[in-house]
Amino acid sequence: MSALSADKAGLASVAELRAEETIALFAHERPDGRSCFSALSDVNDDLGRGYAGENIASGYNLTPKAVVEAWMKSDGHRKNILSPKFSYLGVGVAFNETTGQTYWAQMFIGD
């Protein structure tokens, strides 16, 4: 693993954490009331610096492709995906066995 990828290795963990948290609270804030971006520094202090963005989705139970297609049809989500400010992406998915819903999170960071 290169030094660059090692520095950003926690980003996928952040996205997984955020996907799990959206089961409890589907919002750009965490169940404890803090900003979604606090998850970055909670996982790795280096991730909480610079630009950050988040996309979340729920209920897209078919394929990852369907989720990305829905995000690309939404101006705000599309802006995050295409932003030149972001250099790194972490993706997380969680499944709520009680409701049968799937929850998705994308976390973006840039220097």
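Student: Which residues does Phe-26 touch, leaving out residues up to four places away in sequence?

Tutor: Contact here means heavy atoms within 4.5 Å. By that rule, and not counting residues up to four places away in sequence, Phe-26 touches Ile-56, Ala-57, Ser-58 and Tyr-103. A word on the background: this is a predicted model, where local features need pLDDT of at least 70, side-chain atom pairs count only at pLDDT 80 or more, and totals for chains, interfaces and linings use all residues. Residues are numbered from 1 along each chain as its sequence is written, and side-chain values use heavy atoms, with hydrogens and water left out.

Student: Where is Phe-26 found?

Tutor: Helices (H or I, at least four residues) and strands (E, at least two) are DSSP runs, numbered from the N terminus. Phe-26 sits in the loop between helix H2 (11–24) and helix H3 (38–43). Its C-alpha atom is 8.0 Å from that of Ile-56, although the two residues are 30 apart along the chain.

Student: How do I read the exposure of Phe-26?

Tutor: Buried means under 20% relative accessible area, exposed over 50%, and partly exposed in between (1.4 Å probe, protein chains only). Phe-26 counts as partly exposed because its relative accessible area is 43%. Of the 111 residues of the protein, 35% count as buried.

Student: What is the strand order of the sheet?

Tutor: Strands of a sheet pair through backbone hydrogen bonds, either parallel or antiparallel. Two strands are said to pair if DSSP finds at least two bridges between them. Here, three strands form an open sheet in the order E1-E3-E2, with antiparallel pairing. Strand E1 (51–58) and E2 are the edge strands, each pairing on one side only. E1 joins E3 over eight bridges, with Ser-58 opposite Tyr-103 in E3.

Student: What packs on the sheet?

Tutor: For angles, axes are lines fitted to C-alpha atoms, for helices over the stretch in contact, and values run from 0 to 180 degrees between N-to-C directions. H2 packs on the sheet, touching E1, E2 and E3, and its direction makes about 35 degrees with that of E2.

Student: Which residues lie on the covered face of E2?

Tutor: In a regular strand the side chains alternate between the two faces of the sheet. In strand E2 (residues 88–96), the covered face holds Tyr-88, Gly-90, Gly-92, Ala-94 and Asn-96, while Leu-89, Val-91, Val-93 and Phe-95 make up the uncovered one.

Student: How many bridges link E2 and E3?

Tutor: E2 and strand E3 (residues 101–110) pair in the antiparallel sense over nine bridges. Gly-92 has Ala-105 of E3 as its bridge partner. Four residues lie between the strands of this hairpin, where Gly-100 takes a positive phi near 80 degrees.
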